[in-house]
Amino acid sequence: MKRQHCMPFGAEFTQEGKVRFRLWAPAAHQVMLLVDNEAPMPMQAAGQGWYQWVSEQARAGSRYRYQIDNGLCVPDPASRYNPDDVHGASEVIDPAAFDWQDGAWRGRPWEEAVIYEIHVGSFTPQGTFAAIEQKLDYLAGLGVTAIELMPVADFPGQRNWGYDGALLFAPDSVYGTPEDLKRLIQSAHQRGLMVLLDVVYNHFGPEGNYLHLYAPQFFTERHHTPWGAAINFDGENSQIVRDFYIHNALYWLEEYHFDGLRLDAVHAILDDSQPDILEALAQAVRATLGAERHIHLILENDHNAAHYLMRRQNGQTIHYDAQWNDDVHHAYHVLLTHERDGYYADYADQPIHHLGRCLTEGFAYQGEISAYRRGESRGESSAQLPPTAFVAFLQNHDQIGNRAWGERLTVLAAPQALRAAIILLLLSPSVPLLFMGEEWGACEPFPFFCGFNGELAEAVTAGRRKEFTCFARFRDSTAREAIPDPCAVRTFELAKLDWQAQNHPPHRAWLMLYQELLALRQQMIVPHVRDIRGSGFEVLAAHALHAGWQLSDARQLAVYANLGETAANLPATPQGKLFYGSEVDLDYRLSSGVLPAFTVAWYLREDHE
């Protein structure tokens, strides 16, 4: 089976086997095409800023660049592959050269999702797509159903989190070739695993993007972001820009057969048009691929904009399946670590109440005032949404890596409290996400890292350390200087997982716990989550709660959880059948009206009980 997403830009094979090159360069007076060692060819102006040329000499593997006004030679912004990094020549890729063997794959329903987040470069010693492929049997055996790759779009240098992408259609060559990535996805599908991709549509990285040179209309001064001028999604010429990103989404989903996308930090996408780019992109994806297979779209959105997550009356997703729920993470984190700095201050007053609201209603902030955001209201009502509209996690790349040292919860929280939180997370109806290595209690940090050089590296390092001046621990300049340099190779090497650790105590016990809980989730939770709805929660103590959910068959799911070191009193004896308890004979102990420290009990109750 062949797969190809045809685009109105970039290098595309024609039916005659020629290669059509097309570039939008409205600020250029002339564009020359340089292919391999052939003489430069002046591209034909095609109107509205487009330049085009059809080459009979170019073939798969040809290297090419565009020369702008007899000056700088630049890569193709729609390059499918840049083997010599973001400043080098682009390579012509023939998508039809890869013979797909997963034609029967239709994806998996969203309610089955258990997501495992991976940074390609630090997940394995090799740091490649091919090396991840060798770990797929392990991941399937763990009990996850989807892997989510942090951004793979070509970034400058040899190491990066991925959020500094410059060429959004090109998998970074440090991870492997386009064929390597396709083989990884195909192999995952053969094991029943979905593959999701993190994409960045709110900015380009600070190095390697040349659009300002020949297409400044790609950006707008009407809006500003933390990275400067915003992407032009709603001004003059914005339709071309919108098409660029919509094609990017369709490209990854069609040509690479990804099962879904996670759109990073969409609160930094500024668009006053109707429909906005988020709605237009989702509509295009649903219209193009929605009837063919399960496609999942996920947001990261600090605004807690619940309207993007709305369902039809039959429960079908309209635009986006889910949002990463930072609220639930922050509530868990305050309860487990007692930290109150930074954005944790918004959860420090009643963390258990915030957690209960997240478990049963989605967001903790549904229009309430956020002191951390200088008194702004945050969020929209989410209680009407199903729990599967929210991705819940104890750890992810942001919440680990945004810390100065990148510490994991393994070294921040008491093991008993962390164990209880894991049991609560993995059996709750919301879609759970694990960060790589979490399942065996990995101790390796995941600090922020990148591969910039020169003045840019100095600026990034200084900026990184400045970010922490609002934390009491780092108000002293000497303390800030000790924060790992994100541009140092050593900082990246610290993040590499130690796979041997999982074979030794206490890591083996953590791994067995995750395997047990994920197997139980598929048996007891997944069959019900499509139609489940939160039925409220009750705070039992400053660190304990009781929460419930109504199932479509009139049964009720309930949990009693204590994340603290002291027991909590129960107002009534739990009803129903205990299907998981964190301790032996926990049901008997709860019948006495006491919820012991660091315990979790899950019940399934018939409506008449």
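Mentor: Let us begin with a term: a residue counts as buried when its relative accessible area is under 20%, and as exposed when that value is over 50%. Please keep in mind throughout that this is a predicted model.

Trainee: How many of the residues of helix α11 are buried?

Mentor: In α11, 10 of the 13 residues are buried, so this helix is largely enclosed by the rest of the structure. Among the buried residues are Ala417, Leu418, Ile422 and Leu427. The helix covers residues 415-427, and it reaches 19 Å from its first C-alpha to its last, which is close to the 18 Å expected at 1.5 Å a residue.

Trainee: Which residues touch the most other members of the largest nonpolar core?

Mentor: The general idea is that, in soluble globular proteins, nonpolar side chains tend to be buried together. Here the largest nonpolar core has 167 residues, and those touching the most other members are Phe21, Tyr116, Leu149, Leu355 and Trp602. Another core, of 14 residues, lies apart from it and includes Trp105, Ala322, Val391 and Phe393.

Trainee: Which strands form the closed barrel, and what is the sense of their pairing?

Mentor: The barrel has eight strands in the order β10-β11-β14-β17-β18-β19-β22-β23, and their pairing is parallel. Neighbouring strands of this sheet are turned by 30° against each other on average, with direction ignored. As one example, β10 (residues 115-118) pairs with β11 (residues 146-149) over four bridges in the parallel sense. Tyr116, which we met in the largest core, stands opposite Ile147 in β11.

Trainee: Do β5 and β6 run parallel or antiparallel?

Mentor: Strand β5 (residues 44-47) and strand β6 (residues 50-55) run antiparallel and are joined by three bridges, with Gln44 standing opposite Gln52 in β6. The hairpin that they form has two residues between the strands, and Gln48 takes a positive phi near 55° there.

Trainee: How many disulfides does the structure hold?

Mentor: A disulfide is a covalent bond between the sulfur atoms of two cysteines. This structure holds zero disulfides. Cys487 is in none, and the nearest cysteine sulfur, that of Cys450, is 3.6 Å away, whereas a disulfide would need the two sulfur atoms within 2.5 Å.

Trainee: Is Cys487 buried or exposed?

Mentor: Cys487 has 10% relative accessibility and therefore counts as buried, while Cys443, at 41%, counts as partly exposed.

Key: Residues numbered from 1 in each chain as written. Predicted model: local features only at pLDDT ≥ 70, side-chain atom pairs only at ≥ 80, totals over all residues. Heavy atoms only, no water. Pairing = 2+ DSSP bridges. Axes fitted to C-alpha atoms, helices over the stretch in contact; angles between N-to-C directions. Buried < 20%, exposed > 50% of the residue type's maximum accessible area, 1.4 Å probe, protein only. Expected span 1.5 Å × (residues − 1). Core = buried A, V, L, I, M, F, W, Y, C linked by side-chain atoms within 4.5 Å.
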